[in-house]
Amino acid sequence: MSAAVTTARATRRPSPLAHALSRQLGVAAYLAVWYWAIALVVLVIATLVVWRVNGSVDVSIVAYARQSAIWFPFSQAILLIASLLRVHVAAGMTRRTFVRASLVTAVSTGLGYTLVLSGLLLLERALHAAVGWDAEILEQGFELVGSSFPTMVGELAPALVLANLCGLLVGVVYHRYGGWWGTVTLPLTVLPIVATLALAGEWFGSFPLDGLLDPAGDAPLLTGAVLALVTAAVYVALVRSTPVRTPR
Amino acid sequence: MTSPGYGVTLRGVTQRFGDTVALDDVDLEIRPGTITGLLGRNGSGKTTLGSLVAAFRRPTSGEVLVDGEEPWENERTAPGVCLVRESGDVLDEDRLRDNLDFFAGARPTFDRAFAAELMELFELDPKSKPSKLSRGKKSAFGITVGLASRAPLTILDEVHLGLDAPSRYAFYDTLLADYLAHPRTIVLSSHLIEEIERLLEDVVVLDRGRVLLTQDADSLRAEGVSVTGPQDAVDAFVAGRTVLGTQRLGRTTQVTVRGVLTDADVARARATGLELGPVPLQDLFVHLTDPRRRDGVVAAKVPGEGALP
């Protein structure tokens with residue numbers, strides 16, 4: 001064993017996982033603060049505009065934020081791979097560490113956005129009820145049956161967590177196989193999030209599948225969990241064996 | 001007994017990219033605790049070799065060992081291997097000081113104070129971002145990260161690109177001083193052989209994905225001799241020796257030969273009016289990797305083109 005390594009062991013420092021996690025969670029938290037700050041301003045302005053035009057706001061404005069709360073972290077996860085995987089390995093850390101940190105970050109981000117979105121939806125319902133307005137969700141395919149915080153979280157979490165995992169998967173396929181294959185395989189790599197959204201809503205209304213899965217029941221949560229595990233497993237397998245590409 | 005750095009062993013390593021063979025059945029040893037020059041023409045496989053050693057990729061076949069272990073996903077060796085590429089593997093949109101924090105947290109041997117010294121030496125603003133730097137400044141920052149990491153195995157791959165001459169010489173001086181103060185294994189890949197020659201203890205020459213030679217720099221330098229004089233006398237003297245190159249101007253011929261001359265050889269050369277001289281490493285490299293020589297077009301004792309310097 002080399003003298004340099006012996007010296008290294010004597011130096012206190014965070015574990016590679018803690019270091020990678022602190023970097024990835026730090027960036028995710030920074031972006032989340034900006035995202036929700038902007039979202040709040042937009043939601044308040046939109047509510048005021050609808051109120052001025054219609055005299056009342058009988059729809060849920062916050063519900064419209066769901067799509068952006070899905071696809072913004074999705075793109076963020078793609079960028080995480082593009083900007084950090086190469087640097088992470090070059091800094092002397094393993095892909096194993098990167099995988100662990102990125103999965104924790106993805107799931108935490110998805111759950112964090114779910115908690116904030118659920119909280120805002122409940123707050124909006126309470127405010128609307130206080131002034132005598134309804135809070136109907138007009139987005140086609142978006143059904144929110146639960147009225148309590150836990151049930152709302154259970155309904156929203158699968159899509160929001162899977163969005164992050166799918167973003168990682170899309171990112172690593174682009175990193176490993178290049179732009180052409182990354183684009184060609186998009187229907188596969190984005191399939192888990194699309195499937196979750198579809199199964200939880202009314203996308204299959206005209207298909208025999210309708211009725212098999214009850215949006216109010218546990219089915220979306222279970223299918224979401226299974227899809228999340230499969231997506232994460234494929235992601236892990238791809239990252240652990242990927243070469244570090246040279247940027248062009 | 002501990003060694004002051006990681007050694008590297010490659011056994012039968014082949015790396016293919018589709019139909020292209022970047023490394024072809026390479027066997028190689030890099031001694032721990034040395035500065036080794038990794039020399040080769042463009043496309044000879046230097047960067048690929050560095051990528052394999054740093055576990056950026058796995059070889060198509062063969063075995064790579066760093067400090068006696070396979071480096072791929074190796075939690076022990078990974079923090080001790082630092083490959084700095086010309087492309088710069090840094091956080092492009094983060095400030096330089098934040099980049100240093102990131103690398104310092106990942107590298108157990110990283111010296112933050114030394115990094116600050118290097119930043120000052122290369123006149124790098126800690127508040128600037130890599131994406132906004134010129135090519136030379138990007139190279140300087142790569143060097144800063146590479147040297148301050150003080151990794152037991154540091155591979156510097158063409159890191160001088162874009163650097164002006166004063167910065168390059170500052171880099172060479174700093175590298176040598178830090179290496180003497182903190183011995184470790186350093187692999188230096190560069191086309192500027194004349195400039196780095198004085199730093200090198202060992203030399204590895206790659207050519208078309210194969211190891212052309214691996215030797216300590218001093219003995220390699222001693223093996224290169226230029227013989228200058230009348231054509232007939234030169235031809236007679238070099239007969240039976242390994243001729244690397246021949247240049248002719250009028251009746252005067254200069255031949256570069258590889259091989260150690262005995263005292264008797266030297267005496268015979270002087271007696272016949274021949275001048276003997278050293279051959280810079282760069283000239284040896286040029287002759288050794290000359291594609292005409294490699295392909296057998298330039299055979300020993302066949303006059304080459306070109307005028308005498």
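Student: What pattern does chain A follow along the sequence?
Tutor: This is a predicted model. Read along the sequence, chain A goes α-α-α-α-α-α-α-α. Its secondary structure amounts to eight helices and zero strands.

Student: How much of chain A is buried?
Tutor: 39% of its 248 residues count as buried.

Student: And the contacts in chain A, what share join residues at least 24 apart?
Tutor: 81%, among contacts between residues at least 6 apart in sequence.

Student: Next, the core. Which residues of the largest nonpolar core touch the most other members?
Tutor: From chain A, they are A:Leu160, A:Leu162 and A:Leu165. From chain B, they are B:Val53, B:Val81, B:Ile155 and B:Val227. The core has 135 residues.

Student: Which helix gives the most to this core?
Tutor: Helix H5 of chain A, residues 149-184. H5 gives 16 residues.

Student: What does the core draw from the domains of chain B?
Tutor: At least three residues from each of domain 1 (8-208) and domain 2 (220-294).

Student: You listed B:Ile155. What does B:Ile155 touch, leaving out residues up to four places away in sequence?
Tutor: B:Gly50, B:Val53, B:Ala54, B:Cys82, B:Leu83, B:Val84 and B:Val187. B:Gly50 and B:Val53 are also among the buried residues of H1(B).

Student: Why is helix H1 of chain B said to be largely enclosed?
Tutor: Because eight of the eight residues of H1(B), 46-53, are buried.

Student: Which ones are they?
Tutor: B:Lys46, B:Thr47, B:Thr48, B:Leu49, B:Gly50, B:Ser51, B:Leu52 and B:Val53 are buried.

Student: What about the backbone just after H1(B)?
Tutor: B:Ala55 takes a positive phi there, about 60 degrees.

Student: Switching to sheets. In what order do the four strands of the open sheet in chain B come?
Tutor: E11-E12-E10-E13, with antiparallel pairing. E11 (242-249) and E13 (275-278) are the edge strands, each pairing on one side only. From one strand to the next, the twist averages 20 degrees.

Student: How many bridges link E11(B) and E12(B)?
Tutor: Seven, in the antiparallel sense. E12(B) covers residues 252-258. B:Gly245 has B:Thr256 as its bridge partner in E12(B).

Student: Which helices pack on that sheet?
Tutor: Helix H8 of chain B, residues 231-238, packs on the sheet and touches E10 (224-230), E11 and E12. The direction of H8 makes about 145 degrees with that of E10(B). Helix H10 of chain B, residues 281-288, packs on the sheet too, touching E10, E11 and E12. For H10, the angle is about 100 degrees, taken with the direction of E11(B).

Student: How many residues sit between the strands in the hairpin of E1(B) and E2(B)?
Tutor: Two. B:Gly18 takes a positive phi near 65 degrees in this hairpin.

Student: How far apart are the C-alpha centres of the two domains of chain B?
Tutor: 35 Å. The contact takes eight residues from domain 1 and eight residues from domain 2.

Student: What supplies the domain 1 side of that contact?
Tutor: H6(B), 193-196, and E8(B), 202-207, each supply at least two residues. E8(B) gives the most, with three residues.

Student: And how do the residues on that side divide?
Tutor: Four nonpolar, no polar and four charged.

Student: Last one: B:Phe114. Where is it found?
Tutor: In helix H3 of chain B, residues 112-121.

Student: Why does B:Phe114 count as partly exposed?
Tutor: Because B:Phe114 has 18 C-beta neighbours inside 10 Å, and the buried class needs 20 or more.

Student: How far is B:Phe114 from B:Asp178?
Tutor: In sequence, 64 residues. In space, 9.5 Å, C-alpha to C-alpha.

Notes. Residues numbered from 1 in each chain as written. Chains lettered and ligands numbered in written order. Predicted model: local features only at pLDDT ≥ 70, side-chain atom pairs only at ≥ 80, totals over all residues. Buried ≥ 20, exposed ≤ 12 C-beta atoms within 10 Å, placed from the backbone. Contact = placed C-beta atoms within 7 Å. Core = buried A, V, L, I, M, F, W, Y, C linked by C-beta atoms within 7 Å. Domains from an automatic or database assignment. Pairing = 2+ DSSP bridges. Axes fitted to C-alpha atoms, helices over the stretch in contact; angles between N-to-C directions. Nonpolar A, V, L, I, M, F, W, Y, C, P; charged D, E, K, R; others polar.
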